[in-house]
Amino acid sequence: MAMAALRREGRRFAPLISPRPISAVRSSPIVPTHEYEGPIGVRYISTQVVRNRMKSVKNIQKITKAMKMVAASKLRAVQTKAENSRGLWQPFTALLGDLPSVDVKKNVVVTISSDKGLCGGINSTSVKISKGIYKLNSGPEKETKYVILGEKAKAQLIRDSKKDIELIITELQKNPLSYTQVSVLADEILKNVEYDALRIVFNKFHSVVSFVPTVSTVLSPEIVERESESGGKLGELDSYEVEGGETKGEILQNLAEFQFSCVMFNAVLENACSEQGARMSAMDSSSRNAGDMLDRLTLTYNRTRQASITTELIEIISGASALEG
Amino acid sequence: MLRRASMLLARRPILAARARPFSTDLPAAPSADATFTEAWTKVIPNMDPPKTPLSFMQPRPPTPSSIPSKLTVNFVLPYASELATKEFANPCYDLIPVFKHSILSLFLLIVPATTGQMGVLPGHVATIAELKPGVLSVHEGSEVTKYFVSSGFVFIHANSFADIIAVEAVPLDRLDVNLVQKGLAEFTSKLSSATTDLEKAEAQIGIDVHSALNSALTG
């Protein structure tokens, strides 16, 4: 009993127990499961265990390498689309400006995340930023609701903000992303959710290793009117002549909806790129770690093997010398 | 007289060149919204504030005081930017009177707004216009490029920047006349057999688009 406890606690005790300390056992990092004691308390791991472990680590390395290649090819496909869509939101920001610090009663935070995991920390970052915006916009008479795109954010937000979630949308990437799909989605959101300001939280793709969490704000037409009347950043909006439609309000309504769908389209594409990029780097570090682990295991295996051979030789020689002796 | 004309000509590009090099001339658009970052750091001190689209915007030039001689056009679609900040210059703008439809126009942009075809020249007043399905044509000197636009918005800013955002735009030579006729017939029959308001509205939209396509191809 005590021996078993010692076995599990410290390989350092090996030299105290056995008169023939074997360095392999002392420096091995692995807790043995099939340990057996040889003559006079010599302890070493079965090579079978180490071999099994090496096989599984090698398989993991192959799988993660393959996942990295798949993510790289998917990234290439989405990246061109995302870069082409980058011109889409610029005219809206040029016209309406960007007011993330606007003070409104009804905020809706649209969190964009991925459905699949193993993509590093981007989903957690998005969720943290969404919670931060929630906190920032909390106050008397103000309410903030969540609209969630993607399974990963749903899993995280449903734990503590379940009552604030309005809409959950998943399986976005089943079919390749297209503007029609995103505009239908935007339509659904606008129909079902009352909002004064929509804040879209996503990860903007800068490069394969850099993703910047970003928040885009889309204001409802009433708030746009209010801000333009009060001057400030949107003050110049009044100087624009509005053609067509009976009232300016109607055009602004269409404009807000169009802006939302354009910004969503760009956000969803950028997030998809970031997801693939993050997955690439996660799988890359994972295969590198697996490679390191494999090296260490190989060393342990060799040492264990050599130790057992040495022990056998010693037994034979001591047996032979006892017979002669 | 010719010497004076050439002097005036020479002065314009120099003015335009001088207006840009100093960063103080660019609009005072901050690269990040200061109030937002401050409020964020107060409430959530541990995380960096997220970036906002302002930090990724390409800066736009300020409103010039006189009528500018060039129009910069941004024509964007969800899948591509057809024309990205393409500049169309009308030199000698204030020397030669330029009529909208005269042969002397060196540059003209015609957009299909809901109120009809609207022409845009450099120095157009700031406007927001919604587009209906129709033909958008870019007249550059003697060459004309025509696109059929499904719908969208056009913003003309006071600093002579025109942003056209359309959902779909195809050059006219990619359209098939037979399919257009078929589509028109299909939607007309759908309208007559429509029962609910929603169906009627959808059929009407289909008819509008197809008849616009038809007139674009024939007219």
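About 3,900 Å² of area is buried between chain B and chain A, and carbon and sulfur atoms give 72% of that area. Buried area here is the accessible area (1.4 Å probe) that two parts lose on being put together, summed over both. In chain B, the residues that lose the most area to chain A are B:Phe56, B:Tyr79 and B:Ile128, together 17% of what that side buries. In terms of contacts, 42 residues of chain B meet 46 residues of chain A, where contact means heavy atoms within 4.5 Å.

The structure is a predicted model, in which local features need pLDDT of at least 70 and side-chain atom pairs count only at pLDDT 80 or more, while totals for chains, interfaces and linings use all residues. Residues are numbered from 1 along each chain as its sequence is written, chains are lettered from A in the order in which they are written, and side-chain values use heavy atoms, with hydrogens and water left out.

**Aromatic rings**

Rings of Phe, Tyr and Trp (its six-membered ring) pair if their centres lie within 6.5 Å; planes under 30 degrees apart count as stacked, over 60 as edge-to-face and the rest as tilted. By this rule there are 10 aromatic pairs over all chains. One of them joins A:Phe265 and B:Tyr79, which is edge-to-face because the ring centres are 5.9 Å apart and the planes stand at 85°. This pair crosses between chains: A:Phe265 belongs to helix H10 (residues 248-324) of chain A, and B:Tyr79 to the loop between strand E1 (70-76) and strand E2 (81-89) of chain B. Helices (H or I, at least four residues) and strands (E, at least two) are DSSP runs, numbered from the N terminus.

A:Phe265 is buried, at a relative accessible area of 1%, whereas B:Tyr79 is partly exposed, at 34%. Buried means under 20% relative accessible area, exposed over 50%, and partly exposed in between (1.4 Å probe, protein chains only).

A second pair, B:Phe36 and B:Trp40, is tilted, since the ring centres are 6.1 Å apart and the planes are at 50°. Both residues lie in helix H2 (residues 34-43) of chain B, 4 residues apart, about one turn of the helix, and both are buried. One aromatic cluster is formed by A:Phe92, A:Phe258, B:Phe153 and B:Phe155.

Two lysines lie over ring faces, as the table shows. A charge sits over a ring if NZ of Lys or CZ of Arg is within 6 Å of the ring centre and within 35 degrees of the ring normal.

| Lysine | Ring | Distance from ring centre |
|---|---|---|
| A:Lys204 | B:Phe56 | 4.8 Å |
| B:Lys190 | B:Phe187 | 4.9 Å |

**Two buried residues of chain A**

A:Asn266 is found in helix H10 of chain A and is buried, with a relative accessible area of 2%. Leaving aside neighbours within four places in sequence, A:Asn266 is in contact with A:Ala82, A:Ser85, A:Arg86, A:Trp89 and A:Lys204.

A:Val50 lies in helix H4 (residues 47-84) of chain A and counts as buried at 2% relative accessibility. Residues up to four places away in sequence aside, A:Val50 touches A:Ile45, A:Leu297 and A:Tyr301. A:Val50 and A:Thr300 are 250 residues apart in sequence, yet 7.7 Å apart in space, C-alpha to C-alpha.
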